[in-house]
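Let's walk through this fold together, one question at a time. Have the chain open beside you as we go.

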Amino acid sequence: MADDQELVTIEEFENSYEADLAKLALDNAGIKSVILGKDLAANLTYNSAIFNVEIQVMAGDAEKAKQVLAKEK
């Protein structure tokens with residue numbers, strides 16, 4: 001697999017709501033992404049501070065994705 005086709009984490013969130021908003025922004029920009037840890041964080045709400053929800057994109061899209069998310073803040 002080429003380096004630009006590997007999944008890389010571009011941002012971490014404290015909750016799945018924020019990750020969902022980021023994914024929506026990326027989807028609207030034409031960037032495919034995946035959310036990791038969403039179910040774990042949702043099911044372990046009593047101790048969610050330990051678990052971050054991550055959003056990942058292909059390495060080749062990482063810089064563009066970071067720019068998209070920076071505009072959303």
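Helices (H or I, at least four residues) and strands (E, at least two) are DSSP runs, numbered from the N terminus. This is a predicted model, in which local features need pLDDT of at least 70 and side-chain atom pairs count only at pLDDT 80 or more, while totals for chains, interfaces and linings use all residues. Residues are numbered from 1 along each chain as its sequence is written, and side-chain values use heavy atoms, with hydrogens and water left out.

Q: Which pattern does the chain follow, read along the sequence?
A: Let's start with the parts list: the chain has three helices and three strands. Read along the sequence, they give the pattern β-α-β-α-β-α.

Q: What is the order of the strands in the open sheet?
A: Two strands pair if DSSP finds at least two bridges between them. The open sheet has three strands with antiparallel pairing. β1 and β2 stand at its edges, each with a single partner strand, so one side of each has no neighbour in the sheet. The order is therefore β1-β3-β2.

Q: Over how many bridges do β1 and β3 pair?
A: In general, strands of a sheet pair through backbone hydrogen bonds, either parallel or antiparallel. In this pair, Glu12 stands opposite Glu54 in β3. β1 and β3 pair in the antiparallel sense, and the number of bridges is six.

Q: Where does Val57 lie, and is Val57 buried or exposed?
A: Val57 has its place in strand β3. Contact means heavy atoms within 4.5 Å, and, not counting residues up to four places away in sequence, Val57 touches residues including Leu7, Ile10, Leu26, Ile31 and Ala65. Buried means under 20% relative accessible area, exposed over 50%, and partly exposed in between (1.4 Å probe, protein chains only). With a relative accessible area of 0%, Val57 is buried.

Q: How many Å apart in space are Val57 and Leu7, C-alpha to C-alpha?
A: These two residues are 50 residues apart in sequence. Leu7 is also among the residues that Val57 touches. From C-alpha to C-alpha, the separation in space is 5.3 Å.

Q: Why are the buried residues of α1 on the same side?
A: The buried residues in α1 are Ala19, Ala22, Ala25 and Leu26. They lie on the same side of α1 because the arc they cover around the axis, taken from the directions from the helix axis to the C-beta atoms, is only 120°.

Q: Which residue caps the N-terminal end of α1?
A: Helix α1 covers residues 16-28. A side-chain oxygen lies 3.1 Å from the backbone nitrogen of Tyr17, and the residue that provides this cap is Asn15.

Q: What covers the buried residues of α3?
A: In α3, the buried residues are Ala62, Ala65, Val68 and Leu69. They cover an arc of only 125° around the axis, which puts them on the same side of α3. The face turned away from that buried side carries the exposed residues Glu63, Gln67 and Lys71. The cover over the buried residues includes β1, α1 and β3.

Q: At about what angle does α3 run to β1?
A: Axes are lines fitted to C-alpha atoms, for helices over the stretch in contact, and angles run from 0 to 180 degrees between N-to-C directions. α3 lies across β1 and β3. Its angle to β1 is about 20°.

Q: Is Gly60 buried or exposed?
A: Gly60 lies in the loop between β3 and α3. Gly60 and Gln5 are 55 residues apart in sequence and 6.5 Å apart in space, C-alpha to C-alpha. At 52% relative accessibility, Gly60 counts as exposed.

Note on methods
Expected span 1.5 Å × (residues − 1). Polar contact = N/O pair within 3.5 Å; in protein donor to acceptor, adjacent residues only side chain to side chain.
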